[in-house]
Amino acid sequence: MSTAAVEIAPLAEAADPTPVLLTVEEAARCLRVGRTTCYALIRTGDLESLTIGGLRRVPADAPAAYLARRRAEQRGA
């Protein structure tokens, strides 16, 4: 019985520890707000998000961008 060699990509390259997208719950934790508040920010367009299939995802840099905008608004007020 012979076995064929199968090329498998190393997991270290595929499993980058830095996420590109966050779940809404993860984004809420980053912002230290509740899930409902996070969905409200998404609904108003204050927090960037996108839908992939039926899943809502937040780009990993979106919470920081939201905070930067809020801080600039408060300094200008």
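## Close-ups of a predicted model

**View 1. Three strands make an open sheet, in the order E1-E3-E2, with antiparallel pairing.** Keep in mind that this is a predicted model. Which strands sit at the edges? They are E1 (21-23) and E2 (50-52), and each of these pairs on one side only. Going from one strand to the next, the twist averages 50°. Look at the pairing between E1 and E3 (residues 55-59): these two run in the antiparallel sense and share three bridges. If you want a spot to start from, find Thr23, which stands opposite Arg57 in E3. Helix H2 packs on this sheet too, touching E1 and E3, and its direction makes about 90° with that of E1.

**View 2. Here is the whole protein chain, with its four helices and three strands.** Start at the N terminus and trace along: the elements run α-β-α-α-β-β-α. The protein chain has 77 residues, and buried ones make up 18% of them. Now think about who touches whom. Take the contacts between residues at least 6 apart in sequence: 41% of these join residues at least 24 apart.

**View 3. Helix H2 (residues 24-31) meets helix H4 (residues 62-76), with axes that come within 10 Å.** A quick tip for reading this view and the next: two packed helices are described by the angle between their axes and the distance between the axes. For this pair, the axes cross at roughly 40°. That angle is why H2 is called oblique to H4. The crossing of H2 past H4 is right-handed. Which residues make the contact? From H2 come Ala27, Cys30 and Leu31, while H4 brings Pro63, Tyr66 and Leu67. Sort the residues of this contact by class and you get six nonpolar, no polar and no charged.

**View 4. Helix H2 also packs against helix H3 (residues 35-44), this time at an angle of about 100°.** The axes of H2 and H3 are 9 Å apart. What do we call an arrangement like this one of H2 and H3? Angles of 65 to 115 degrees count as roughly perpendicular, so that is the label for H2 and H3. On the H2 side, look for Val24, Glu25, Ala27, Ala28 and Leu31. They meet Arg35, Cys38, Tyr39, Leu41 and Ile42 in H3. By class, the contact of H2 with H3 has eight nonpolar residues, no polar ones and two charged ones.

**View 5. Zoom in on Cys30, a residue of helix H2.** Is Cys30 buried, exposed or partly exposed? Its relative accessibility is 46%, so Cys30 counts as partly exposed. Setting aside residues up to four places away in sequence, Cys30 touches Leu22 and Pro63. Now find Ala64: Cys30 and Ala64 are 34 residues apart in sequence, yet their C-alpha atoms are 8.8 Å apart in space.

**View 6. Last stop: Arg32, in the loop between H2 and H3.** What is the phi angle of Arg32? Arg32 has a positive phi of about 60°, although it is not a glycine. Is Arg32 buried or exposed? With 72% relative accessibility, Arg32 counts as exposed, because the cut-off for that label is over 50%.

Technical notes. Residues are numbered from 1 along each chain as its sequence is written. This is a predicted model: local features need pLDDT of at least 70, side-chain atom pairs count only at pLDDT 80 or more; totals for chains, interfaces and linings use all residues. Side-chain values use heavy atoms; hydrogens and water are left out. Axes are lines fitted to C-alpha atoms, for helices over the stretch in contact, and angles run from 0 to 180 degrees between N-to-C directions. Angles under 35 degrees count as roughly parallel, over 145 as roughly antiparallel, 65 to 115 as roughly perpendicular and the rest as oblique. A crossing is left-handed if the near helix is turned anticlockwise from the far one by less than a right angle, and right-handed if clockwise. Contact means heavy atoms within 4.5 Å. Ala, Val, Leu, Ile, Met, Phe, Trp, Tyr, Cys and Pro count as nonpolar, Asp, Glu, Lys and Arg as charged, and the others, Gly among them, as polar. Buried means under 20% relative accessible area, exposed over 50%, partly exposed in between (1.4 Å probe, protein chains only). Two strands pair if DSSP finds at least two bridges between them.
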